[in-house]
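Morning, everyone. Please look at the structure on the screen, and I will walk you through it.

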Amino acid sequence: MYRLIDGKEVSNYIKGKVRDEIISLGEKGIKATLAVIIVGNDPASRVYVNNKKRACEATGIVSREYALPEETAEAELLSLIAELNNDKEVNGILCQLPLPSHIDEKKVIDAICPEKDVDVFSEVNVGKMWVGDYDVASCTPKGVIELLEYYDIPLEGKNCVIIGRSNIVGKPMASLLLEKNATVTVCHSRTTDLSFFTRNADIIVAAVGRKRFVTADMVKEGAVVVDVGINRDENGKLCGDVDFENVKEKCSYITPVPGGCGPMTIAVLMKNTLAVTKKQNNV
Ligand code: NAD
């Protein structure tokens, strides 16, 4: 019998703790402010930005939105970031990705000063994560760790297989699982015989971006399956990378989509905004 991992419950728990700390910072006259930049009219980005705004409201973090038109020049965006870097009222900055194709994402990410980089995408903060000396960790992977820990799922010595090696999910996921003393294998599009790895996994983290990619025959009896993917099925319904209906019966724990990793990413973003605010105020 599998147990469903409830990302909504865990994210509410984390946001509640963030809110408590934001209130006590407020009593010291300190407020936390997150600047969110969105360029263009990508509907998915709009949804994400609105969700982040709502989470700020729920936690007491002040959110400032900078909505720029699609045709915004790269230089203009970089100058806004420079301004926000120097704005003492702004504690955290994030620029919603993807950006229009005429803007160099890497340049933009690295323009955000590491002290305010709450998405943890900058080279400096990614490096800090890998050496285990960090205040903020990548939101989605850290959200996965928080989920596993909330359910007391042991990580030490476990065979963890990550499917996907992106800079925002797969790679930082490997770093955080290694830190927890798991044995980590990162699989990707050039992996030969993916099932060989997944069938030996105690924990699978799927971050591919393809619906029903992880099938029941790829999963060992009793495995923990974490589905990071966000896809649409034939009916336009939100779904993950895992063939949930068939895989769940083999699992000890499994995350649903929606309601699994998605809410966790935003909860960790709130946690990161709190962490940078405390650091900037020497709290
Ligand atoms: P990406 O496209 O950058 O990376 C996908 C990865 O999948 C690549 O590393 C690639 O090597 C791997 N891959 C592709 N085909 C494969 C195959 N046949 N076998 C094995 N590996 C294969 O995507 P991403 O940004 O890492 O996102 C992955 C998924 O997670 C997407 O669905 C995305 O929407 C979702 N996502 C969710 C959250 C969240 O908050 N829940 C956050 C970020 C991303």
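What share of the contacts in the protein with a separation of 6 or more comes from residues 24 or more positions apart? It is 71%. Contact here means heavy atoms within 4.5 Å.

Some ground rules. This is a predicted model, where local features need pLDDT of at least 70 and side-chain atom pairs need 80 or more, while totals for chains, interfaces and linings use all residues. Residues are numbered from 1 along each chain as its sequence is written, and side-chain values use heavy atoms, leaving out hydrogens and water.

Now the overall build. We have 10 helices and 11 strands. These are DSSP runs, numbered from the N terminus: helices are H or I, at least four residues, and strands are E, at least two. Of the 283 residues, 48% count as buried. Buried means under 20% relative accessible area, exposed over 50%, and partly exposed in between, with a 1.4 Å probe and protein chains only.

Next, the rings. There are 4 aromatic pairs. Rings of Phe, Tyr and Trp (its six-membered ring) pair if their centres lie within 6.5 Å; planes under 30 degrees apart are stacked, over 60 edge-to-face, the rest tilted.

Take Tyr150 and Tyr151. They sit edge-to-face, 5.4 Å centre to centre, with 65 degrees between the planes. Tyr150 is partly exposed at 31%. Tyr151 is buried at 8%.

Tyr151 also pairs with Tyr253: centres 6.0 Å apart, planes at 65 degrees, so edge-to-face again. Tyr151 lies in the loop between α6 and β5, and Tyr253 in strand β11, so this pair ties together parts 102 residues apart in sequence. Ring pairs link Tyr13, Tyr150, Tyr151 and Tyr253 into a cluster.
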